[in-house]
Amino acid sequence: MLLPHDEESSIPREREVSVASERSDWELTHQHPLTKSMRYQMASDVLKVFRHYNAIRDLILWYNESNEAGVVPAQLQVDAINSLESIVDKHNLRHAAPSPQLISQVLESTSRPFTIAQTLEARDFHILCSGENLRFEIIGTLLATAGRALTFGFAPDLFSDPSNRGLKSQFVDELLRASTTCLFLCTMLATVNDLTVWMYYENYLFSTMMCGYAGPPSWRRLGELSTQIYALGIHKESTSANVPTWLKETRRRIFCSSYNQDKSISTFLGRPIRISKRHTDVSLPLDLSDEVIVGDPHILNQAIQALDKDGWNRKGRWLRASWIV
């Protein structure tokens, strides 16, 4: 049976216009029953979290220095959180509420298509999504990572004061709420991109820590993560043919880790799988360190040539990719 073709319509199908325009409002109104003022309030609530920017940065730095099984290369998150400081300082977010100008700026940035040129080097990646180009996808990713680090037990100076004893649990809740709000905002504003998948992945892991693997929020997030993976097409090796090597490896990591999470849930909780092996041809990630993946392309190519035929390093080192596979 053939599916019916969509009828031609004068209504724009691509989110190529400003979120402040009437045309964009038409699309958003039909996609989600939130008014513009409600979207602005949600965006404001998220940006208010950066009154604790210093603590968030410390959590991100600690996580990426300590975590042996991270999926997103550490330097990408570190560059993003460091680049965000210029916005925090410019708009005085540590001491003042987000300005309407900043809210509009981040909503506008998030609504723009997110494309990555094949020649883009990893050290320049943060320019596309942080600083003056700050997007809610990277905010949601960073806040979920910070929340996980805080839940793991790392405590920045903010929480060492006895008078702030109850602040830690409140802050964990706030980080999860803000990260989840970013999911909803990006569903309304942005087309699916790599940052979207990173955000859903980190939020899923954060949700499992707070709600348990069997909890409905975690199960819902896993389904949404699977949907974003399929929507971006990273379950197919051919989708990554024209992207930088560092991004191709990050996609493989994300997919393999998500696949393992899905199989663990289905095995131990008796639930149906969300990510089917039959529909993928993704190769396993290469057993390379984060520093090599995001470093000089010439050194990366040399490191790839030094791997064995199955993509494992010959030095017996345990790297992030080793744990993911």
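This is a predicted model: local features need pLDDT of at least 70, side-chain atom pairs count only at pLDDT 80 or more; totals for chains, interfaces and linings use all residues.

**Entry 1: H9 and H10.** With that in hand, I looked up helix H9 (residues 216-232) against helix H10 (residues 245-269), and found an angle of about 140° with the axes 11 Å apart. The crossing of H9 over H10 is left-handed. On the H9 side I noted Trp-219, Leu-222, Leu-225 and Ile-229, and these meet Phe-255, Ser-258, Asp-262 and Ile-265 of H10.

**Entry 2: the whole chain.** I then stepped back and counted 13 helices and zero strands. Of the 325 residues, 51% count as buried. Among contacts with a separation of 6 or more, 74% join residues 24 or more positions apart.

**Entry 3: H3 and H4.** How do H3 and H4 pack? I found an angle of about 170° and axes 9 Å apart. Angles over 145 degrees count as roughly antiparallel, so H3 is roughly antiparallel to H4. From H3, the contact uses Tyr-53, Ile-56, Arg-57, Ile-60, Leu-61 and Asn-64. H4 brings several residues to this contact, including Ala-74, Val-78, Ile-81 and Val-88. This crossing is left-handed.

**Entry 4: Ile-56 and the core.** Leaving aside neighbours within four places in sequence, Ile-56 touches Val-49, Phe-50, Ile-81, Leu-143, Ala-146, Phe-171 and Leu-175. I next looked up the largest nonpolar core, which has 85 residues. Ile-56 is among those with the most contacts inside this core, along with Phe-50, Phe-125, Phe-136 and Ile-139. Which helix gives the most to the core? It is H7, with 11 residues.

**Entry 5: H5.** Last, I checked the length of helix H5 (residues 100-111): at 1.5 Å a residue, its 12 residues should span 16 Å, and its end C-alpha atoms are 16 Å apart, which agrees. Buried residues in H5 include Leu-102, Ile-103, Val-106, Leu-107 and Thr-110. What do the buried residues of H5 pack against? I found helix H2 (36-47), helix H4 (74-90), helix H6 (136-152) and helix H7 (167-189).

Conventions
Residues are numbered from 1 along each chain as its sequence is written. Side-chain values use heavy atoms; hydrogens and water are left out. Helices (H or I, at least four residues) and strands (E, at least two) are DSSP runs, numbered from the N terminus. The expected span of a helix is 1.5 Å times one less than its number of residues. Buried means under 20% relative accessible area, exposed over 50%, partly exposed in between (1.4 Å probe, protein chains only). Contact means heavy atoms within 4.5 Å. A nonpolar core is a set of buried Ala, Val, Leu, Ile, Met, Phe, Trp, Tyr and Cys residues joined through side-chain atoms within 4.5 Å. Axes are lines fitted to C-alpha atoms, for helices over the stretch in contact, and angles run from 0 to 180 degrees between N-to-C directions. Angles under 35 degrees count as roughly parallel, over 145 as roughly antiparallel, 65 to 115 as roughly perpendicular and the rest as oblique. A crossing is left-handed if the near helix is turned anticlockwise from the far one by less than a right angle, and right-handed if clockwise.
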